[in-house]
Amino acid sequence: DVTYETLLAETHGAVTLLRLNRPNALNALNSQVLRDLIAAFAAYDADESQRCLVLTGSEKAFAAGADIKEMQPKGFSAMYGENFFAGFERVSAARKPWIAAVAGFALGGGCELAMMADYIIAADTAQFGQPEIKLGIAPGMGGSQRLTRAVGKAKAMQMCLTGRMMKAEEAERASLVAQVVPAARLLEEALAQAQAIAAMAPLAAMANKEMVNAAFETGLAHGLLFERRLFNGLCATQDKVEGMAAFAEKRAPQWHGA
Ligand code: CO8
């Protein structure tokens, strides 16, 4: 298992588990966390033995936002000039599937990081929010866009303008999270789902992810065409032949990843 300064990484068979690990700052995201996350996600995407990833935090906080103390001295020139926090796109651009397992606070950049996941599983203790307005700023890692796409304008606007937090149960009702589970079972449940995904044909997993994501980038006609092209493409894989043969023969498939 690799060690990062701000991240604990373990492998559980074909599943990578990453835990944000800055307990003294409620996992606030600073430049080091960003570097560690980019490295860990690059390693995951490149490692053929790894088929799904779970990103989690602590019981108290997934992440309480970007690190306010690091941002405090930075004005426009520094933020724009350094392209501060550039590179987070590489986390959202992971080609392979990943799940955010959120307990406690997911605020500001923490909420935005969770929303970069393919989906979120929340503990019943989870609280989501975009409280940036209280600091005289606004979301900067995708929150205004991804939250609005997830929960719609009314709730996104209310959360961004008032900075209020949304608890797990409401987050599930509002489709921000796929599922809420008791806090004690969060990791077990996320890892079980990740193992199930990891056991699927890997090209099919990437294609499923890619086509659902295309729904956010295209109109319906192009999205449907994109889906059909990928679908037809998958029909040229060995794993399609194997998957259908295994079904017909009432046995478990043996994936080739090809
Ligand atoms: N940054 C830095 N340190 C933090 C942060 C943070 N976001 N959140 C908590 N901490 C630190 C606290 O300062 C405290 O440290 P210390 O013990 O040294 O004083 C420690 O973590 C524990 O925190 P609290 O004592 O405050 O714990 P509480 O349980 O009392 O409160 C809260 C928990 C409610 C979560 C509270 O900590 C809080 O409000 N945190 C800030 C939440 C916030 O405003 N987040 C948004 C930050 S802005 C942002 O994320 C912008 C993202 C876009 C960046 C784009 C760049 C291009």
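Predicted model: local features only at pLDDT ≥ 70, side-chain atom pairs only at ≥ 80, totals over all residues.
Trainee: What does helix H9 (residues 186–198) lie across?
Mentor: H9 lies across E1, E2, E3, E5, strand E7 (119–123) and E10. H9 runs at about 160° to E3. Angles run from 0 to 180 degrees between N-to-C directions, with axes fitted to C-alpha atoms, for helices over the stretch in contact. Helices (H or I, at least four residues) and strands (E, at least two) are DSSP runs, numbered from the N terminus.
Trainee: What's the strand order in the open sheet?
Mentor: E1-E2-E3-E5-E7-E10, six strands with mixed pairing. Strands pair if DSSP finds at least two bridges between them.
Trainee: Which strands stand at the edges?
Mentor: E1 (7–12) and E10 (179–181). Each has a single partner strand, so one side of each lacks a neighbour in the sheet.
Trainee: How many bridges join E1 to E2?
Mentor: Six, and the two strands run antiparallel. Leu-8 has Arg-19 in E2 as its bridge partner.
Trainee: New topic. At what angle do H6 and H7 pack?
Mentor: About 140°, with axes 7 Å apart. That makes H6 oblique to H7: under 35 degrees is roughly parallel, over 145 roughly antiparallel, 65 to 115 roughly perpendicular, and the rest oblique.
Trainee: Which H6 residues meet H7?
Mentor: Leu-147, Thr-148 and Val-151. Their H7 partners include Ala-156 and Met-159. Contact means heavy atoms within 4.5 Å.

Note on methods: Residues numbered from 1 in each chain as written. Heavy atoms only, no water.
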